[in-house]
Amino acid sequence: MSETDGGDAELGYEQARDQLVEVVRGLEAGGLSLEESLALWEKGERLAKLCERHLAGARERVESALASVESEDEATSG
């Protein structure tokens with residue numbers, strides 16, 4: 001992430017998700033200038049990518065844990 005990310009990279013999944021919800025609400029509410037809307041959209045894009053990275057990491061951990069359990073099961077039953 002760059003210096004202009006507003007510190008988004010340090011957010012945990014739940015924090016990023018909650019901020020993304022607020023961004024969507026702000027965009028849906030309307031009443032913003034074009035520049036404000038674009039800035040909010042860009043923030044939403046950063047937050048969505050951060051959430052995706054968190055979920056991908058969690059998915060990898062689950063898959064690794066499942067593979068480990070399967071390996072142990074095969075070793076003990078084989």
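Analyst: Buried means under 20% relative accessible area, exposed means over 50%, and partly exposed is the range in between. The model discussed here is predicted.

User: Why is L27 called partly exposed?

Analyst: L27 has a relative accessible area of 29%. Buried requires under 20% and exposed requires over 50%, so L27 counts as partly exposed. L27 is found in helix α1.

User: How far apart are L27 and S37 in sequence and in space?

Analyst: L27 and S37 are ten residues apart in sequence, and their C-alpha atoms are 6.6 Å apart. S37 belongs to helix α2. With a relative accessibility of 23%, S37 is partly exposed, because the buried class needs a value under 20%.

User: What makes the contact between R46 and D8 a salt bridge?

Analyst: The rule asks for a side-chain nitrogen of Lys or Arg within 4 Å of a carboxyl oxygen of Asp or Glu. For R46 and D8 the N to O distance is 3.1 Å, so the pair meets the rule for a salt bridge. This pair links distant parts of the chain: R46 is in helix α2 and D8 is in the segment before α1, 38 residues apart.

User: Are R46 and D8 buried or partly exposed?

Analyst: D8 has 4% relative accessibility, which is under 20%, so D8 is buried.

User: How many salt bridges does the rule give?

Analyst: The count is three. One of them joins R17 and D18, whose closest N and O atoms are 3.2 Å apart. R17 is partly exposed at 34%, and D18 is partly exposed at 41%. Another salt bridge joins the side chains of E22 and R25 at 2.7 Å, N to O.

User: Why are E22 and R25 separated by about one helical turn?

Analyst: E22 and R25 are three residues apart in helix α1, which means that about one helical turn separates them. E22 has a relative accessible area of 47%; exposed would require over 50%, so E22 is partly exposed.

User: What makes the residues of the largest nonpolar core a core, and which residues are they?

Analyst: A core is a set of buried nonpolar residues joined through side-chain atoms within 4.5 Å. The largest one here has six residues: L11, A16, V23, L47, L50 and C51. Helices α1 (13-29) and α2 are the elements that give two or more residues to this core. Helix α2 provides the largest share, three residues.

User: Which residues gather in the patch of negative charge on the surface?

Analyst: The patch of negative charge consists of E35, E36, E42, E45 and E52.

User: Why is G12 called partly exposed?

Analyst: G12 has 25% relative accessibility. Buried needs a value under 20%, so G12 counts as partly exposed. G12 is located in the segment before α1.

User: How far is G12 from S33?

Analyst: G12 and S33 are 21 residues apart along the chain, and 30 Å separates their C-alpha atoms.

Methods
Residues numbered from 1 in each chain as written. Predicted model: local features only at pLDDT ≥ 70, side-chain atom pairs only at ≥ 80, totals over all residues. Heavy atoms only, no water. Patch = residues over 30% accessible without salt bridge, like charges linked within 9 Å, V, L, I, M, F, W, Y side chains within 5 Å. Areas by Shrake-Rupley, 256 points an atom, 1.4 Å probe, with all protein chains shown as cover. Lys, Arg positive; Asp, Glu negative; His and termini not counted. Charge placed at Lys NZ, Arg CZ, Asp CG, Glu CD. Buried < 20%, exposed > 50% of the residue type's maximum accessible area, 1.4 Å probe, protein only. Helix = DSSP H or I, 4+ residues; strand = E, 2+ residues; numbered from the N terminus.
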